[in-house]
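Please look over the chain below. The briefing covers its overall fold, its helix packing and its pocket.

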Amino acid sequence: MEELTALRMINPDNETVNALLDRGLPEYSDMDVFKKTLKYDLTNIASLLKYRKIKLILLNYPGAWVNETLKEIVEDKKIPFIDNQLIFEQKRLSDNNGYKREDYFAEDGHCNANGYKIIAETINKALSCELNAGAQQR
């Protein structure tokens with residue numbers, strides 16, 4: 001709450017900060033406030049990194065509740081994005097009936113070693129593409 005009060009002093013018109021201070025910190029069921037906060041934070045992070053000429057690549061996690069919000073942000077701000085939700089969906093479809101969720105995910109819903117391998121390979125490909133694009137621009 002102290003940090004929010006300090007933020008309000010810097011920017012008294014910030015709707016998200018004002019809502020959080022007026023209503024208190026939200027319960028996990030208040031997804032609208034979390035989505036607005038995420039959007040506000042990532043938008044400001046993206047702006048700061050762009051100003052400092054630092055590349056940003058965002059990625060999502062298969063099945064995460066914030067995936068749609070992330071997609072909105074990256075489309076709006078033109079941020080490179082790795083859509084792991086889509087990659088795992090394509091894997092499921094391409095494996096036809098051979099795809100088993102337990103081959104890629106632990107019981108708690110997080111990826112297992114096979115799932116994280118797919119994510120790491122995808123990140124590696126994206127970084128390689130960014131590096132190659134940067135080298136070609138020189």
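The notes below start with the basis of the model and then go topic by topic.

This is a predicted model, in which local features need pLDDT of at least 70, side-chain atom pairs count only at pLDDT 80 or more, and totals for chains, interfaces and linings use all residues. Residues are numbered from 1 along each chain as its sequence is written, and side-chain values use heavy atoms, with hydrogens and water left out.

**Overall fold**
- The protein chain has six helices and two strands, taken as DSSP runs numbered from the N terminus (helices H or I, at least four residues; strands E, at least two).
- Along the sequence the order is α-α-α-β-α-β-α-α.
- The protein chain is more spread out than a compact globule, because its radius of gyration is 19 Å, well over the 14 Å that the globule rule gives for 138 residues. The radius is taken over C-alpha atoms, and the rule is 2.2 Å times the number of residues to the power 0.38.
- Along the principal axes, the C-alpha atoms fill a box of roughly 55 × 45 × 20 Å.

**Helix α2 against α3**
- Helix α2 (residues 15-23) packs on α3 at an angle of about 145°, with the axes 10 Å apart. Axes are lines fitted to C-alpha atoms, for helices over the stretch in contact, and angles run from 0 to 180 degrees between N-to-C directions.
- Thr 16, Leu 20 and Arg 23 of α2 meet Val 33, Lys 36, Thr 37 and Tyr 40 of α3, where contact means heavy atoms within 4.5 Å.

**Helix α3 against α4**
- The axes of α3 (residues 31-51) and α4 (residues 67-77) come within 10 Å and cross at roughly 35°.
- On α3 the contact is made by Lys 35, Leu 38, Lys 39, Leu 42 and Thr 43, and on α4 by Thr 69, Leu 70, Glu 72, Ile 73 and Lys 77.

**Largest pocket**
- The largest pocket is lined by 13 residues, with Ala 46, Lys 50, Lys 77, Lys 78 and Ile 79 nearest its centre. A pocket is an open set of points on a 1 Å grid over the protein atoms alone, where a 1.4 Å probe fits, with protein on both sides within 12 Å along at least five of seven lines; lining residues have an atom within 4 Å of a point.
- Helix α3 gives the largest share of this lining, five residues.
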